[in-house]
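Subject: Structure handover

Hello,

I am passing this structure on to you. Please look through the sequence and the coordinates before reading my notes.

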Amino acid sequence: MDKEEILKRMGKAIVEGNKDEAEALANEAIKQRLDLNEVIDKGYVPGIEKVGDLWEKGEYFLPELMTSAECMKGAMRVLQPELEKAQISAKSKGKVVIGTVEGDIHDIGKNLVASMLAANGFQVIDLGADVKLEKFVEKAEAEKADFICLSALLTTTMLGQKKVIEILKEKNLAGRYKVLVGGAPVNQKWADDIGANGYGENAMVAVKITKKLIGE
Amino acid sequence: MSGPVEKIENFRVEFDEKRILRLIGYKKRSTEIKEPIKSLITEEKKKLDYLLHPASIYTIVGYDETNKHLVFKDAKKVAICICTIGLELEREVKELMEKNEMTRALILDALGSEAAEEVAIQSDRILAEKAREMNLWPSKRFSPGYGKWDIKEQRFIFRMLPAADIGVRLTESCMMVPRKSVSFRINFYKEQKLSTRRHSPKVS
């Protein structure tokens, strides 16, 4: 199989949600000593972008998006050790610290957003659920992150999103990070009221907003 | 705690396919579910035989035994209920997520939500029937966090019922664990009201 064929099939595997094929092609690329960043950029990324287009057109829904994100993650897991061996860092669109705020143990929505961001080229640091509010700021500082994504599924815990923004202001860090909020009780008005930079209604919208904020 | 407490465990949970598809994100009713998603749904459904442990617990008390919150106004009696499908399904969802099986996790989580709702529907029917047996008019069921009943009123519900008997607890932020749990009240009135159901009370 030549390089062009491999790249073409990589994109197809992502669009079709074929995890085995996506991983097998990653191994083939390593075997053929292809430029792995080119493999990601010209093989897998066009696939995940097509998935986004199909979602926009209403042809793909959340399960298809997730299956494609799983494929992307699977392929990256194969490629990552090789990239590290060659001391090449995979291109990242930005670093995201994400978690569900303190007092809230819901995590499936947050995990969907994390997966979609990772599949779309962001480096995701997932703090999990029930995360102490100060920890979001500490981790963002330590990791020199670009984004802080805060999930909350309850009216009682969504106040935690506001508090994180207040902590950033107290520490004179307002503006250093773009803060995105999401979760069932959250809406654009809430995001505007608390001074968040964006509101992700669902995983794909979160990706779109994050990309927009980096000028894509 | 006051009033006798009853427990129900013999639920038969059936699924509304269309609702599950909506829960996992299919907006269009006409969408044809393709592979590999179709197979994933079938496979996750099969797990429910051993992952679901449905149970509910309830009590029916007089108005004076409640905390006299305004939502109980004019009620002769109040039924308080907690339903759950247990913790095992959530554990499986967590494991799937850790294994990068997000689509399966999403599907199983939706199936769990639908199962918890079904247990609540069946418990609600039983309680509405109890109201009729008492010659009273049952209201619809209401959960804390909706309308004038703040989410913090979960604490009242958990004071009224030994929720631990069905494996449910309340966190400080008023979340139920397992998450696939539902709590609600039904007011029983002497007379028909706008909020009561259409059925007439049983004539003794």
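This is a predicted model: local features need pLDDT of at least 70, side-chain atom pairs count only at pLDDT 80 or more; totals for chains, interfaces and linings use all residues.

Residues are numbered from 1 along each chain as its sequence is written, and chains are lettered from A and ligands numbered from 1 in the order in which they are written.

Chain A

Helices (H or I, at least four residues) and strands (E, at least two) are DSSP runs, numbered from the N terminus. Helix 1 of chain A covers residues 3-16. Its 14 residues span 20 Å from first C-alpha to last, close to the expected 20 Å; the expected span is 1.5 Å times one less than the number of residues. Gly17(A) comes after helix 1 of chain A and has a positive phi, near 70°.

A residue is buried if 20 or more other C-beta atoms lie within 10 Å of its own, exposed if 12 or fewer, and partly exposed in between, with C-beta atoms placed from the backbone. In helix 1 of chain A the buried residues include Leu7(A), Met10(A) and Ile14(A). The buried residues of this helix pack against helix 2 (19-31), helix 3 (36-56) and helix 4 of chain A.

Strand 3 of chain A (residues 147-151) has 5 of its 5 residues buried, so it is largely enclosed by the rest of the structure. Phe147(A), Cys149(A) and Ser151(A) point one way from it, and Ile148(A) and Leu150(A) point the other way.

Two strands pair if DSSP finds at least two bridges between them. Strand 3 of chain A runs parallel to strand 1 (residues 95-100) of chain A, joined by 5 bridges, with Val96(A) opposite Phe147(A). Strand 3 also runs parallel to strand 4 (residues 178-182) of chain A, again through 5 bridges, and here Ser151(A) faces Gly182(A). Strand 1 of chain A is joined in parallel to strand 2 of chain A by 4 bridges. Strand 2 (residues 123-126) has a covered face, Val124(A) and Asp126(A), and an uncovered one, Gln123(A) and Ile125(A).

Chain B

In chain B, 5 strands form an open antiparallel sheet in the order 1-2-3-7-4. Strand 1 (5-8) and strand 4 (137-138) of chain B are at the edges with a single partner strand each, so one side of each has no neighbour in the sheet. Strand 1 pairs with strand 2 (residues 55-62) of chain B over 4 bridges, in the antiparallel sense; Lys7(B) is opposite Ile57(B) there.

Contact between the chains

Two residues are in contact if their C-beta atoms, placed from the backbone, lie within 7 Å. By that rule 24 residues of chain B touch 24 residues of chain A. On the chain B side, helix 4 (88-98) and helix 5 are the elements that give two or more residues, and helix 5 of chain B gives the largest share, 5 residues.

Helix 4 of chain A (residues 62-85) meets helix 5 of chain B, with Leu62(A) and Met66(A) among the residues on one side and Met102(B), Thr103(B) and Leu106(B) on the other.

Regards
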